[in-house]
Amino acid sequence: MKSDPTFPERVASIDIGTNTILLLIAEVNKGILKPLLEKETIVRLGGGVQQNGVLLEGAMERGIQTLAQYLKECQEMGVQRIFAAGTSALREAKNARDFLKRVEQKLNLAIEIISGEEEAQLSFLAVARDLGNPEKPILVVDVGGGSTELVLGKANRISHWASLPVGSVRFTEQFLLSDPVRQEEWANMENEIIKGLGKVTPSQKPFTMVAVGGTATTLASVELGLEHFIYEKIHRFVLERKALKRQLELYRSKTLEARRKIPGLFPARADVILAGGAILYLAMEKFEVLSVLISCHGVRHGLLHKKILDCGLKY
């Protein structure tokens with residue numbers, strides 16, 4: 001990326017997660033990030049990693065097809081630089097390097113596998129920049145498919161972070177095996193989530209909790225009863241803890257097929273929304289938070305903000 005702060009440039013970031021692959025195309029002008037296009041594709045790249053320890057062939061093919069489509073869109077929009085980051089599934093899968101090699105050979109795209117700490121930092125940076133670096137502390141919760149990141153900070157300073165092996169896809173595959181979910185399965189999953197959250201003790205209170213990621217935006221979409229994803233309604237929506245509890249009770253009472261028909265719930269997320277929602281709800285309970293601010297910004301935004309800062313461009 002050019003260091004001249006007056007030079008506008010089209011850039012893109014790709015967040016390759018356990019459940020989804022997300023694309024952000026933006027223009028950078030004098031250090032200011034202007035999003036032009038955002039896309040999300042549920043690929044389930046990490047499906048089966050929990051049981052097998054490897055990325056499955058079908059999942060890798062879906063990933064490559066999605067990345068090929070994203071690169072085509074980048075080319076059509078005149079993108080000059082692309083940054084791609086892989087998270088939980090690629091951190092854990094034994095054959096992750098094989099996938100990265102295939103992507104580089106077929107698509108000429110280099111993917112950087114980032115650590116849990118880096119993932120947490122990028123999520124926080126995305127939210128902090130969006131909220132204008134608020135003076136009040138914020139606790140960012142990023143419920144992903146394979147892991148959950150929690151990071152507490154104020155303005156640009158992070159005071160506490162954690163990356164937990166607690167995720168919507170991971171725990172669906174590990175615990176929620178019946179349809180509808182049985183009470184014993186639910187209780188076992190809750191205990192494991194609580195156990196994981198027990199390792200996190202933020203030092204600052206009060207704070208504003210902000211939830212990012214597909215689980216969070218889906219929960220907001222359901223609460224709003226949206227037929228289609230509407231960014232303007234979901235971004236910065238305030239989700240009450242009691243409303244989230246009602247959603248979880250609704251999901252638990254229904255079969256997977258019935259869940260797919262719930263307004264606002266994207267059918268491809270119907271199987272993992274229960275585990276994802278439970279993680280966010282139990283985090284709210286643990287930290288005694290009655291509501292959470294939903295943000296549509298995440299790792300992909302933080303990645304571009306970091307690149308801007310690394311190149312010395314000033315906001």
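In the predicted model, the buried residues of helix H13 are Val 299, Arg 300, His 301, Gly 302, Leu 303, Leu 304, His 305 and Ile 308. Helix H13 comprises 12 residues, 299-310. From the first C-alpha to the last it reaches 16 Å, close to the 16 Å expected at 1.5 Å a residue. The packing partners of the buried H13 residues are strands E1 (9-16), E2 (20-29), E3 (32-42) and E4 (81-86), together with helix H5 (116-130) and strand E6.

Strand E6 (residues 138-143) also belongs to an open sheet of 6 strands, in the order E8-E7-E6-E9-E11-E10. The pairing in this sheet is mixed. From one strand to the next, the twist averages 25 degrees. Strands E6 and E9 run parallel and are joined by 5 bridges. Within this pairing, Val 140 stands opposite Val 210 in E9.

A helix-helix contact is formed by H2 (residues 57-76) and H4 (residues 96-107), whose axes come within 11 Å and cross at roughly 35 degrees. The crossing of H2 past H4 is right-handed. On the H2 side, the contact is made by Glu 57, Met 60, Glu 61, Ile 64, Leu 67, Ala 68 and Leu 71. Helix H4 contributes Phe 99, Arg 102, Val 103, Lys 106 and Leu 107.

The structure holds 2 aromatic pairs. One of them is formed by Phe 171 and Phe 175, with 5.2 Å from centre to centre and 85 degrees between the planes, an edge-to-face arrangement. Both Phe 171 and Phe 175 are buried. In the pair of Phe 207 and Phe 287, the ring centres are 6.4 Å apart and the planes stand at 75 degrees, so this pair is edge-to-face, given that planes over 60 degrees apart are classed in this way. Phe 207 and Phe 287 link distant parts of the chain, being 80 residues apart. Phe 207 is in the loop between helix H7 (183-197) and strand E9 (208-212), whereas Phe 287 is in the loop between helix H12 (273-286) and strand E11 (291-295). With a relative accessible area of 10%, Phe 207 is buried. Phe 287 has a relative accessible area of 6% and is likewise buried, because the cut-off for burial is under 20%.

Key
Residues are numbered from 1 along each chain as its sequence is written. This is a predicted model: local features need pLDDT of at least 70, side-chain atom pairs count only at pLDDT 80 or more; totals for chains, interfaces and linings use all residues. Side-chain values use heavy atoms; hydrogens and water are left out. Rings of Phe, Tyr and Trp (its six-membered ring) pair if their centres lie within 6.5 Å; planes under 30 degrees apart count as stacked, over 60 as edge-to-face and the rest as tilted. Buried means under 20% relative accessible area, exposed over 50%, partly exposed in between (1.4 Å probe, protein chains only). Helices (H or I, at least four residues) and strands (E, at least two) are DSSP runs, numbered from the N terminus. Two strands pair if DSSP finds at least two bridges between them. Axes are lines fitted to C-alpha atoms, for helices over the stretch in contact, and angles run from 0 to 180 degrees between N-to-C directions. The expected span of a helix is 1.5 Å times one less than its number of residues. Contact means heavy atoms within 4.5 Å. A crossing is left-handed if the near helix is turned anticlockwise from the far one by less than a right angle, and right-handed if clockwise.
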